[in-house]
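Subject: Structure handover

Hello,

Here is the structure I promised to pass on. Please open it alongside this email.

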Amino acid sequence: MSKLRVAILFGGRSAEHEVSLHSALNVLDSMDRNKYDPVLIGISRDGRWFLNRDSIRLLDAADPKMVRLGETQEEVALTPNGAGSRLISLKENEILRGIDVIFPVLHGPYGEDGSVQGLAKLADLPCVGAGILGSAVGMDKDIMKRLLKESGIPVGRFMTIREKERSLHSYGQLSAELGEVLFVKPANLGSSVGISKVRSRIEWEHAMELAFTFDTKVIVEEEIKGREIECAVLGNDDPAASIPGEIIPHADFYSYDAKYVDEDGAGLEIPARLPEDTVRDVRQMAIRTFTALACRGMARVDFFLTRENTLLVNEINTIPGFTKISMYPKLWAFSGIPYRDLIDRLIMLALEDFERNRKLRTSV
């Protein structure tokens with residue numbers, strides 16, 4: 001049997017570009033080369049696609065903050081080709097190779113928000129992870145939280161501020177409604193990029209300025225005092241949830257550096273020390289969240305467990321990190337699915353979903 005050609009997409013037009021590069025290295029290292037032929041496509045910050053022939057070419061790879069994509073001379077484009085798709089060399093204007101499935105390792109906008117998923121659908125290709133809808137609503141924290149509330153899934157108190165409404169809101173107003181300590185974050189970004197903890201009017205102004213450099217919509221959330229619990233979900237129509245883990249930040253909150261740069265920036269406790277009934281509740285609520293947001297394939301659901309022992313969903317990540325210190329693969333490894341098997345299952349789930357959708361009628 002011939003190997004499946006899996007296009008690993010990494011980099012991208014996102015503030016989470018560097019995280020994607022490290023995640024892609026680990027996905028590549030864990031892929032079973034007896035079953036899969038990886039096609040490595042690095043996407044630059046300005047959106048150009050470059051074919052990496054034999055390995056992922058990175059510059060300053062040892063520095064998580066300075067790492068960047070090493071652009072090759074082979075710029076490519078993905079074009080539909082009836083049943084499937086193929087890569088075209090923009091330099092030579094020739095067909096390079098076909099692709100069987102896309103594995104997007106793209107965090108944030110232009111990758112985790114439905115953009116690449118839409119491209120895959122137009123190209124008639126299976127794509128690992130959530131589809132267009134699940135990706136889009138999972139990325140937008142405003143829409144995500146409203147859908148969860150509608151589904152009866154508890155979330156913390158929040159307010160959404162659009163750029164044109166910025167002058168209508170103040171720290172005094174928001175702190176009176178949500179509490180003295182606030183978290184300000186871009187609505188469509190992850191990895192704790194652009195997030196600020198706010199305790200004063202001056203901090204509020206700086207936080208709003210920062211968040212609006214990343215998005216045109218900002219979420220302001222109440223401070224929730226409690227534990228940070230994470231649970232990984234895997235599957236399509238019958239998803240399964242992993243054993244929960246706990247993040248123990250060594251600073252004010254679980255920052256970008258703690259997630260991806262500093263291996264000592266936070267403690268990771270797997271399994272989380274929770275009573276059996278709480279473990280059950282976390283796993284059930286993770287699956288409910290995954291289903292309510294129309295997710296497929298994979299996701300990591302992040303919770304707060306309050307001092308009153310109440311579970312609140314913080315957010316969902318439809319393309320969770322795959323770095324060496326990322327929780328998603330660690331949670332599944334502890335739950336009995338090692339990294340290589342996890343990558344295999346994700347690809348199989350993408351193929352399963354694709355075949356199911358291909359059977360749907362496209363004419364009356």
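Below is what was found in it, from the whole chain down to single residues.

**Ground rules**

This is a predicted model, where local features need pLDDT of at least 70, side-chain atom pairs count only at pLDDT 80 or more, and totals for chains, interfaces and linings use all residues. Residues are numbered from 1 along each chain as its sequence is written, and side-chain values use heavy atoms, with hydrogens and water left out.

**The chain**

The chain has 10 helices and 19 strands. Both are DSSP runs numbered from the N terminus: helices are H or I with at least four residues, strands are E with at least two. Of the 364 residues, 56% are buried. Buried means under 20% relative accessible area, exposed means over 50%, and partly exposed is in between (1.4 Å probe, protein chains only). Now take contacts between residues at least 6 apart in sequence: 65% of them join residues at least 24 apart. A contact means heavy atoms within 4.5 Å.

**The cores**

In soluble globular proteins, nonpolar side chains tend to be buried together. A nonpolar core here is a set of buried Ala, Val, Leu, Ile, Met, Phe, Trp, Tyr and Cys residues joined through side-chain atoms within 4.5 Å. The largest one has 34 residues. Ile-8, Phe-103, Tyr-328, Leu-346 and Ile-347 have the most contacts inside it. Two or more residues each come from β1 (4-11), α1 (17-30), β2 (36-43), β9 (101-105), β14 (226-235), α9 (327-334) and α10 (339-358). α10 gives the largest share, six residues. A second, separate core has 25 residues, including Leu-148, Leu-274, Leu-293 and Leu-311.

**Tyr-328 and Met-298**

Set aside residues up to four places away in sequence, and Tyr-328 still touches several others, among them Ala-232, Val-233, Leu-234, Met-298, Pro-320, Leu-342 and Leu-346. Met-298 lies in strand β18 (297-306). Its relative accessible area is 0%, so Met-298 is buried. Thr-318 is 20 residues from Met-298 along the chain, yet their C-alpha atoms are separated by 6.2 Å.

**Helix pairs**

Two packed helices are described by the angle between their axes and the distance between the axes. Axes are lines fitted to C-alpha atoms, for helices over the stretch in contact, and angles run from 0 to 180 degrees between N-to-C directions. Angles under 35 degrees count as roughly parallel, over 145 as roughly antiparallel, 65 to 115 as roughly perpendicular and the rest as oblique.

- α9 and α10: the axes come within 9 Å and cross at roughly 105°. The two helices are therefore roughly perpendicular. Tyr-328, Pro-329 and Trp-332 of α9 meet Tyr-339, Leu-342 and Leu-346 of α10. The residues of this contact are six nonpolar, no polar and no charged. Ala, Val, Leu, Ile, Met, Phe, Trp, Tyr, Cys and Pro count as nonpolar, Asp, Glu, Lys and Arg as charged, and the others, Gly among them, as polar.
- α1 and α10: the axes come within 8 Å and cross at roughly 95°. That makes α1 roughly perpendicular to α10. Asn-26, Val-27, Asp-29 and Ser-30 of α1 meet Tyr-339, Arg-340 and Ile-343 of α10. This contact has three nonpolar, two polar and two charged residues.
- α3 (132-139) and α4 (141-150): the axes come within 5 Å and cross at roughly 100°. That makes α3 roughly perpendicular to α4. Val-137, Gly-138 and Met-139 in α3 meet Lys-141, Ile-143, Met-144 and Leu-147 in α4.

**Asp-140**

Asp-140 sits in the loop between α3 and α4. Is Asp-140 buried or exposed? Asp-140 is buried, at 12% relative accessible area. Its side chain reaches the backbone nitrogen of Asp-142 at 3.0 Å. Beyond its neighbours within four places in sequence, Asp-140 is in contact with Ala-187, Asn-188 and Lys-217.

**Backbone points**

A cis peptide bond joins Ile-270 and Pro-271, with omega about 0°. Pro-271 is in the loop between β17 (266-269) and α8 (276-292). Asp-124 is a residue other than glycine with a positive phi, near 60°. Asp-124 is partly exposed, at 22% relative accessibility.

Best wishes

Terms used. A polar contact is a pair of N or O atoms within 3.5 Å; within protein, one must be able to donate a hydrogen and the other to accept it, and residues adjacent in sequence count only if both atoms are side-chain atoms.
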